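Subject: Structure handover and findings

Dear colleague,

Please find the structure below, handed over for your use. My notes on strand pairing and helix packing follow it.

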Amino acid sequence: MKVLHPAAKMLVELSQSQDIEAGDGTTSVCVIAGALLDACGSLLSKGIHPTSIASAFVHAAEQSERILEEMAVPVDLNDRESLIDAVNTCLSSKVVSQNSELLAPLAVDSVLGILQDKDTDTNVDLRDIRMVEQVGGTIDDTELVDGLVFNKGSTKSAGGPSQVSNAKIALIQFCLSAPKTDLENNVVISDYAAMDRILRDERKHILGLCKKIKKSGANVVLIQKSILREAYNELSLHFLAKMGILVVTDIERADVEFICRTLGCQPVAHADSLSAEKLGGAASVGDVSVSGSGHKVVKFSGVKNPGKTMTVLLRGSNRLVLAETNRSIHDAQCVVRSFVKKRYLIAGGGAPEVEIALRLKEYALGKTGMDAYCIKAFAEALEVIPYTLAENAGMKPIEIVTELRKMHADGIKGAGINVKKSAVTDMYDLRVLQPLLVTTSAISLATETVCMILKIDDLVVVG
């Protein structure tokens, strides 16, 4: 998003920070920041100094985090159903919400599949999950692959294999084509005998490379893309087909590390260094026809997967649907990652914000001076979340927020907005759950940004 105003830029960066930290709640963090800035306006008009407001807001944010931890429920990563419920809450606001029954378990299983140890891990790298987009079919055809999938079929000439069992896989970074001069030089050939000799030497050179690949024991070859010259040619494909070797071409440089970790192979930069120890393994490798389209993909199944990686094969009717599904699954995976970082869940539907507002107002009564005013203003600002949620659901915000306050005052900490029935109900009973990290991160980041904006004395416009 391109914006010019410095304060607006800070809000854009605030949303990006929330996305990096928690992966969800990017809209909520901006809404909270906006409400806190509005509260600052009224406090400044009363003559309270910006430094006093900032220090009181930081204190209120710390207190909010303590309140949230008190109302949070511990979650075990082996409790798959609770994780799926939290992911369903995340997907409910997405375009693909109608497919959440399929996508929620898929997101949970993909993240749990790359954890080294469920009991001790405190973070997880989502780059270990490869998203492969394939146009055709519907979102319901999306699947989780415990192995590796390439978004194109194998490259073969006539007679080449398309299925290989007990595969020995080599990932090569050298070119299976005739060598070229280092500089832009031209070789001028004056007679047919010299041309014939060049073609014969070229054929001999390529055949020698292919024989070295065969000698290593490889029966599947992955060829990395080359920018200097052709990574392969028809002649090399012909020789490899005759040797019964399946070929996958145009491997991106960025994918090499992921492939090596999944298959247990090592990239080979020169034909002479290719050996059996550098080969990866898989039970079967072959072309698989994708339902709903004429495309084929190469699927590696039965891999040892020493690097703990997963692959998601995304399906959709067009590129826009695929992009939206990819973004939604990433957000859902971020929710599961939040549980790995901080293993607590809280109710959704505006329940935590109302609980914080109620408890902070009680806390403010025990304070004196300007701190009491500022903490009370902070508490009231947080009610913008349930207010906005009720407004977006077509309900009467003032009535709903008033009822929420009453239920929380009666001790029902999970009371939140049920948008499907336009009523206030206990979110724990409805299984509308979210990670604790999302809310704590949103409040602390929004407070930080607002305090930074408060410290700005003047805006100098240049040019």
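Which residue is the bridge partner of alanine 347 in E15? In this predicted model, the partner of alanine 347 is leucine 433. The pair belongs to the antiparallel pairing of strand E12 (residues 344-347) with E15, which are joined by 3 bridges.

Helix H4 (residues 80-91) packs on this sheet and touches both E12 and E15. The direction of H4 makes about 95 degrees with that of E15. Helix H9 (residues 319-341) also lies across E12 and E15, and runs at about 65 degrees to E15.

The sheet as a whole is open and has 3 strands, in the order E1-E12-E15, with antiparallel pairing. Strand E1 (73-74) and strand E15 (433-435) each have a single partner strand, so they stand at the edges and one side of each is left without a neighbour in the sheet.

A further set of pairings involves strand E5 (residues 163-172). E5 runs antiparallel to strand E9 (residues 280-289), with 6 bridges joining the two; valine 164 stands opposite valine 285 in E9. E9 in turn pairs with strand E10 (residues 296-303), again in the antiparallel sense, over 7 bridges. Here glycine 286 has lysine 299 of E10 as its bridge partner.

E5 is also joined to E6 by 4 bridges, and these two strands run parallel. Isoleucine 172 stands opposite isoleucine 223 in E6. E6 pairs with strand E7 (residues 246-251) in the parallel sense over 4 bridges, and valine 220 stands opposite leucine 246 in E7.

Is strand E6 (residues 220-224) mostly covered or mostly uncovered? The strand is mostly covered, with 5 of its 5 residues buried. Val220, Leu222 and Gln224 point one way from E6, while Val221 and Ile223 point the other way.

Lastly, I turn to a pair of helices. The axes of helix H2 (residues 26-45) and helix H3 (residues 50-71) come within 10 Å and cross at roughly 140 degrees. H2 is therefore oblique to H3, and the crossing is right-handed. H2 contributes Leu36, Cys40, Leu43 and Leu44 to the contact, and H3 contributes Pro50, Ile53 and Phe57. By class, the contact of H2 with H3 has 7 nonpolar residues, with no polar and no charged ones.

Yours sincerely

Methods:
Residues numbered from 1 in each chain as written. Predicted model: local features only at pLDDT ≥ 70, side-chain atom pairs only at ≥ 80, totals over all residues. Heavy atoms only, no water. Pairing = 2+ DSSP bridges. Contact = heavy atoms within 4.5 Å. Axes fitted to C-alpha atoms, helices over the stretch in contact; angles between N-to-C directions. Parallel < 35°, antiparallel > 145°, perpendicular 65-115°, else oblique. Left-handed = near helix turned anticlockwise from the far one by under 90°. Nonpolar A, V, L, I, M, F, W, Y, C, P; charged D, E, K, R; others polar. Buried < 20%, exposed > 50% of the residue type's maximum accessible area, 1.4 Å probe, protein only.
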